[in-house]
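Here is my notebook page for today. I wanted to look up a few aromatic rings and then the ligand.

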Amino acid sequence: MTLIPFDDRDGWIWLDGSLIPWRDAKLHVLSHGLHYASAVFEGERAYGGNIFRLSDHSRRLVESGRILRFEIPYSIEAIDEACRQVLAANDLAEGYVRPIAWRGSEQLAVSATGTSVHLAIAAWPWPSYFGGARMQGIRVAQAEWRRPPPDCAPVKAKAAGLYMIGSLAKVKAEAEGYADALMLDWRGLVSETTGANIFLVIDGELHTPDPDAFLDGITRRSVISLAKRNQMKVVERQIQPSDLARATEVFLTGTAAEVTAVREIGPHTYTPGRMTETLMQAYDDLVLQSPETVASMIG
Ligand code: PMP
């Protein structure tokens, strides 16, 4: 696979209020966001020209900034509109959209007082996060890094800093031939993978961890609604690693991952089955609906 570098592409990036040529969207190396991880971002997907649950993503972006004690200088409506503009400027009907906000370079110290807040939005084609393995199931390693407790990190923010441990776990998993890694939280409970939430089918019911120390994904919430609409029983609870042995099906959810089946976690193997298939199909159908229909279906 030839990788096209992200800093050397044709196209347009929205930066601080205007669309500029892709290659010109640069920031200074002495930016606070780069040195101290004062950055928050989003990951969105467009289907048929519509960004799925766009305002929910823009709202989470603004909220993530507030958790990191900074205010993104645009309204949710303005961010929504900028995301649509980026998609159109790059001539994309399907694709991934990445807004990111960070503190600038007025000061370079742990202190962030007085720094300006910037916002950039890019979009690019991204067919499937896990390639063609969505229904066959991916192999997931067990990460040695744990999710921190809520009083040790801003766990509810989609904050760049939190991806340091996720990225470490993912790089190791890939080096060992796995597609992703499952992270436990500080208590040793199952939490999520490095970029997606997790669901287990146990005794015909859908079980998923309480999102008390990790991102309560927009896809996770959509899939819970779809499961309920399909008369499935959904149980949100603390999940022990021993529950992995009781599950018959396991799948991941996330904007990039969509609904992706898992066929292995450490010593446990699973066969993607009817519930995974039903929800994958229901999610694939949902994302193609108009924003109004999506809102009426999942609230
Ligand atoms: N957890 C992590 C760590 C993630 O990066 C993501 C992807 N944003 C998710 C969960 C799933 O969130 P969403 O469904 O909102 O994309």
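I began with F6, which is partly exposed at a relative accessible area of 47%. For this term, buried means under 20%, exposed over 50%, and partly exposed in between (1.4 Å probe, protein chains only). I noted that this is a predicted model, where local features need pLDDT of at least 70, side-chain atom pairs count only at pLDDT 80 or more, and totals for chains, interfaces and linings use all residues. Residues are numbered from 1 along each chain as its sequence is written, and side-chain values use heavy atoms, with hydrogens and water left out.

Next I looked up W124, which counts as buried at 12% relative accessibility. How are the rings of Y96 and W124 placed? Their centres are 5.3 Å apart and their planes at 50°, so the pair is tilted. Rings of Phe, Tyr and Trp (its six-membered ring) pair if their centres lie within 6.5 Å; planes under 30 degrees apart count as stacked, over 60 as edge-to-face and the rest as tilted. Y96 is in strand β6 (residues 95-103) and W124 in strand β7, so the pair ties together parts 28 residues apart in sequence. Y96 is buried too, at 5% relative accessibility. I found that F6, Y96, W124 and W126 form one aromatic cluster.

A polar side-chain atom of K158 is 2.7 Å from a ligand nitrogen, and a side-chain N or O atom of Y163 is 2.5 Å from a ligand oxygen. The protein buries 95% of the 380 Å² that the ligand exposes when taken alone (Shrake-Rupley method, 1.4 Å probe).

Technical notes: A polar contact is a pair of N or O atoms within 3.5 Å; within protein, one must be able to donate a hydrogen and the other to accept it, and residues adjacent in sequence count only if both atoms are side-chain atoms. Helices (H or I, at least four residues) and strands (E, at least two) are DSSP runs, numbered from the N terminus.
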